[in-house]
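Dear colleague,

I am passing on the structure we spoke about, and below it I have set out what came up when I went through it. Please read the notes with the structure open beside them.

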Amino acid sequence: MALGASPEGSTRSLLRHRPFRVLLAGQTLTLLGDLALILVLGVWAKEITGSVSAGGAVFFALIAPTLLAPLLGCIVDRFPRRRVLIVNDLLTAAGLLPLLAVHGADTVWIIYVVAALYGFSQQIFFAARSALLQSMLRDGDLGPANAVLESLRMGLRTAGPVLGTALFAALGGSAVALLDAATFLASAALLSSINVPDIGRRRAVSVMDELGGGIRHILGTPILRRLMLALCAAVAALGLLQVVGLALVDHGLHRPATFLGVIFAVEGAGAIAGGLAAPALLRRMGEARLAGAGLVIAGASLGVMTDPALGPVLVGSCTGGAGFSAFLIGYTTLLQRSTATELQGRVFTAAEATAGIPYTAMLGLAVLGIGLVDYRVMLAAGMLVLAVAGAYLVRGGEAPSLPR
């Protein structure tokens with residue numbers, strides 16, 4: 001029997017659940033350290049080489065482990081998830097220490113290696129955390145838990161990079177690396193203090209059965225097939241926005257590129273608001289309808305932003321953040337509730353790997369097309385894709401009932 005708060009799944013009662021509070025505290029620390037370091041790695045590589053491309057390559061190193069996500073999902077499903085999280089925290093802390101040896105352009109390769117290892121760490125962390133939540137909480141508490149975690153993540157998106165860049169400017173990259181390593185050690189200590197329902201160590205089966213388990217479950221579950229199509233549409237739109245945002249600020253608002261920081265801050269505020277509203281909406285709408293409605297709202301927001309004026313752009317950023325936040329919370333909860341405990345890691349990582357394909361493809365197309373196609377046309381295309389995907393998902397039904 002999974003531990004849990006109240007049957008109705010209110011956020012207040014969830015926060016009285018000690019294991020969740022401990023998990024939340026650990027994630028607060030590691031997310032703060034993550035967001036402080038990730039931007040700094042790119043800045044650091046650019047500073048010691050003088051090359052913008054060298055800085056940008058750091059982010060490709062971070063994304064590359066997505067291709068191996070299904071293999072990492074097998075690890076998550078083979079061992080107790082709390083133990084996986086603890087070991088992952090300890091190994092990540094140790095893996096950050098080579099950054100102390102970075103002193104010039106001839107050692108920039110260390111940054112890339114650490115970035116790739118960091119990407120592996122994040123894949124394992126998010127899959128294992130999602131799986132542990134599913135086993136330690138009642139179904140009714142999963143939505144509020146995901147909402148709290150998503151709101152926290154969006155809130156830290158502002159504080160983390162500011163802290164990281166300020167510390168980098170004052171003390172250098174080594175100081176940021178040590179700070180991040182300390183957050184992982186603290187998280188491991190916190191996780192060691194809780195005792196929650198978890199899976200036992202599972203005996204190995206054939207490699208093909210292991211790797212294919214997640215995608216077979218998704219393809220064999222009608223609502224998850226719809227969810228994956230909607231997810232691919234959502235991440236494709238996000239890939240588009242990574243590039244279109246610069247054109248929007250430059251050609252539309254006629255402001256410097258640094259104004260993107262203001263837009264991201266407004267988007268983050270909207271995402272936090274969406275996360276806070278999500279538990280009540282989940283009770284009324286269910287996971288699939290909330291996720292679908294979030295995509296429709298995000299799509300409409302892109303339409304608003306085609307008006308090249310400050311007011312519509314900021315309004316669209318805020319409502320778009322709320323829409324994407326609602327989608328992610330509905331998506332995560334639906335994935336958890338539609339998947340048996342022993343498959344959680346492989347299904348989560350299979351979804352991540354699948355989503356990485358349209359994201360990367362759209363990012364590349366946007367880079368090639370931004371000089372040829374008006375950014376407003378791209379925003380309108382994104383609006384249409386999200387609206388259709390959201391409507392498709394809303395009509396898909398809800399999660400099947402699974403034994404716990």
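Aspartate 139 forms a salt bridge with arginine 337, in which the closest N and O atoms are 3.6 Å apart. Because aspartate 139 belongs to helix H7 and arginine 337 to helix H13 (residues 310-337), this pair ties together parts that are 198 residues apart in sequence. Aspartate 139 is partly exposed, with a relative accessible area of 29%, and arginine 337, at 22%, also counts as partly exposed. Please bear in mind that this is a predicted model.

The structure holds 6 salt bridges, and another of them joins the side chains of arginine 153 and glutamate 150, at 2.8 Å from N to O.

Apart from its neighbours within four places in sequence, serine 151 is in contact with Ile272, Gly275 and Leu276.

Aspartate 77 forms a salt bridge with arginine 81, with the closest N and O atoms 2.6 Å apart, and both of these residues are buried. Asp77 and Arg81 are linked with Arg346 in a network of salt bridges.

Finally, arginine 12, in helix H1 (residues 11-14), is exposed, with a relative accessible area of 67%.

Key:
Residues numbered from 1 in each chain as written. Predicted model: local features only at pLDDT ≥ 70, side-chain atom pairs only at ≥ 80, totals over all residues. Heavy atoms only, no water. Contact = heavy atoms within 4.5 Å. Helix = DSSP H or I, 4+ residues; strand = E, 2+ residues; numbered from the N terminus. Buried < 20%, exposed > 50% of the residue type's maximum accessible area, 1.4 Å probe, protein only. Salt bridge = Lys/Arg side-chain N within 4 Å of Asp/Glu carboxyl O.
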